[in-house]
Amino acid sequence: MVDYAAAGVDIEAGDRAVELMKASVAASHNDTVVGGAGGFAGLIDASALVGMRRPLLASSTDGVGTKVAVAQALDIHHTIGQDLVAMVVDDIVVTGARPLLMTDYIACGKVVPEKIADIVRGIADACAQTDCPLVGGETAEHPGLMAPEEYDVAGAAVGVVEADEILGQHLVEDGDILIALPSSGLHSNGYSLVRRIIADAGWQWDRHVPQWGRTVGEELLEPTRLYTRDCLQMVNDLGGAVHAFSHITGGGLGANISRVIPSGMVATIERDSWQVPAVFSTLAQLGQVPWEDMEQTLNLGVGMVAVVDEDSVSAVVETYEGAWVLGQVKKCRELPAVGTGEKLVQGAKGVDAGAAWLRGEYRLG
């Protein structure tokens, strides 16, 4: 006789995982959440939308890529959830939307209740930090498809913004300034490249790297910074002076900033306006990776970019720790001539938009 357990699926383990994660999930809830965990669907009270003039729902879905392989190798699972929330919720916030809810999905080879609970705890903690309740999710056991120690995570979120308050390239003007907010490290992009560099060099996860002040594993598992509260606060404080945000994820600075620049304009990015954190320069040197590849794969220390009018620059830089002027937006009748070492990015991610011009030389940490 063959039953579900013999086929590799442990229903009781799944139930134990749910019990272990219930408190964390509940802690992410705010006053809009209706009911608790265990329903077929999560519910929120959307009454506040009734009073809006023309509410637009913003949605996003993402995962954290091969960073999960680092978490699995180190058997540390409580940080990867913040990466997931950052990748999903901060993509919604760039539109000016306020997050309403998030759901998650975990696929694994074998349910280990404590491990699943750790992952969900990280997700729920980050949801609480962004005031985005975690209202539902699914854990799926895939024996035979995934190894027992393997898992992957994904999530989706929904937010809301007034139609006449949505941010984006339609608001960006000639003379606007790019303000950078620092990243917390590698975030959650480019880990296929990073892991290959580490593996080829023969470095172990517990190797202490003096330039980083910690081990390889500690650096690579540093959670992605959450920008939700900062971005929404900036919009609240400055109102119409904030024209756009760009979340610097896969594709790096050029690809992501160009997406929010209108056609007929160029955003100049000054490479020497900040010191690139040591983790990036160390990896580039270790793997002999060309800087062109580095800047189109990794964030290089810039996690979020705000596009604001010139009069608001001081207010942003003085209010948000570590912020600096990254560059400026200018109208152009024709694209600038690209000099040696410079790079012009246009049409990235399939968006019909302006261009980003990266110039100068990086200051390496």
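## Basis

In this predicted model, local features need pLDDT of at least 70 and side-chain atom pairs count only at pLDDT 80 or more, while totals for chains, interfaces and linings use all residues. Residues are numbered from 1 along each chain as its sequence is written, and side-chain values use heavy atoms, without hydrogens and water.

## Second largest pocket

The second largest pocket has a volume of about 500 Å³. Its 24 lining residues have Gly96, Arg98, Glu165, Leu232 and Val235 closest to the centre. (A pocket is an open set of points on a 1 Å grid where a 1.4 Å probe fits, with protein on both sides within 12 Å along at least five of seven lines; lining residues have an atom within 4 Å of a point.)

β4 (98-108), β6 (151-162) and α7 (228-238) each supply at least two lining residues. α7 gives the largest share, five residues. By type, the lining holds eleven nonpolar, seven polar and six charged residues; Gly counts as polar.

## Strand β10

β10 (residues 242-247) is mostly covered, with six of its six residues buried (under 20% relative accessible area, 1.4 Å probe, protein chains only). Five bridges join β10 to β13 (residues 302-308), and the two run antiparallel. Pairing takes at least two DSSP bridges. His247 stands opposite Met304 in β13.

## Cysteines

The disulfide count is zero, with a cut-off of 2.5 Å between cysteine sulfur atoms. Cys127 is buried at 0% relative accessibility. Cys132 is also buried, at 0%.

Notes
Points joined across faces, edges and corners; volume = space filled by probe spheres on them. Helix = DSSP H or I, 4+ residues; strand = E, 2+ residues; numbered from the N terminus. Buried < 20%, exposed > 50% of the residue type's maximum accessible area, 1.4 Å probe, protein only.
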